[in-house]
Amino acid sequence: MIEWLPLSAETRPVPQPVATPLVWAAACGGALLLVALLNSLAGTGRPALALAVLSLLAALLGMCARFVAAPGTAVMCWLFLNGFAVPPVGTLTWAGHRDTFWLACLVTAALTGTTLARVVNARAAYRRITTAVGSAGTERAASPEKY
């Protein structure tokens, strides 16, 4: 016997990620605002604080982005970190190990945010589907005359 269950009636779809160019624009604008705010409040000599704040921004942006947006998000944040949070302000430099570490931190933060969002969305979708199937099955067992 075939039993028809309306799975899509009660379930909500998994949210779609935001387009990559929009995420990069948000990274550019957010990094600019955060670095300007940090420079006005704490000064330009605190790159560790700027790295922590920009890593948090990259993780938050990663939560609504695709995996392919992570490297671009990290590079946008690194450009503002290196160009405006480290003296001399306005000059891009490459200091080997330091900048490699900063880029690795920013990419890791963006990928961690994206992975966390994917796991949370997948678990929520799984719970919605199993709850809908499980409740329909128990309802059928309790009152067969409804079908």
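I began in the loop between H4 and H5, where I found Pro88. Helices here are DSSP runs of H or I with at least four residues, strands are runs of E with at least two, and both are numbered from the N terminus. Pro87 and Pro88 are joined by a cis peptide bond, with omega about -5 degrees.

Before going on, I noted that this is a predicted model, in which local features need pLDDT of at least 70 and side-chain atom pairs count only at pLDDT 80 or more, while totals for chains, interfaces and linings use all residues. Residues are numbered from 1 along each chain as its sequence is written, and side-chain values use heavy atoms, with hydrogens and water left out.

**Aromatic pairs.** I searched the whole structure and got 2 aromatic pairs. Trp78 and Trp94 have ring centres 5.7 Å apart and planes at 65 degrees, so I wrote this pair down as edge-to-face. For rings of Phe, Tyr and Trp (its six-membered ring), a pair needs centres within 6.5 Å; planes under 30 degrees apart are stacked, over 60 edge-to-face and the rest tilted. Trp78 sits in helix H4 (residues 70-84) and Trp94 in the loop between H4 and helix H5 (97-142), so the pair links parts of the chain 16 residues apart.

**H2 with H3.** Next I looked at helix H2 (residues 20-41) and helix H3 (residues 47-62), whose axes come within 10 Å and cross at roughly 155 degrees. The axes are lines fitted to C-alpha atoms, for helices over the stretch in contact, and the angles run from 0 to 180 degrees between N-to-C directions. H2 and H3 are therefore roughly antiparallel (over 145 degrees; under 35 is roughly parallel, 65 to 115 roughly perpendicular and the rest oblique). On the H2 side the contact (heavy atoms within 4.5 Å) includes Gly30 and Leu34, and on the H3 side Leu54 and Leu57. I sorted the contact residues into 13 nonpolar, 1 polar and no charged. In that scheme Ala, Val, Leu, Ile, Met, Phe, Trp, Tyr, Cys and Pro are nonpolar, Asp, Glu, Lys and Arg are charged, and the others, Gly among them, are polar.

**H2 with H4.** The axes of H2 and H4 come within 9 Å and cross at roughly 25 degrees, and the two helices are therefore roughly parallel. Among the residues that meet are Trp24 and Asn39 in H2, and Met76 and Phe80 in H4. My tally for this contact was 11 nonpolar, 3 polar and no charged.

**H3 with H4.** I found H3 and H4 packed at about 155 degrees with axes 10 Å apart, and therefore roughly antiparallel. Thr73, Cys77 and Leu81 make the contact from H4, with residues including Pro47 and Leu51 on H3. These contact residues came out as 9 nonpolar, 1 polar and no charged.

**UniProt check.** Last, I looked up the unreviewed UniProt entry, which lists residues 22-41, 48-81 and 101-120 as "transmembrane region". Its positions are given in the numbering used here, feature names are shortened, and annotations may be inferred rather than shown by experiment. In the model, residues 48-81 are 79% helix and 0% strand, with end C-alpha atoms 10 Å apart. Residues 101-120 are 100% helix and 0% strand, with end C-alpha atoms 28 Å apart.
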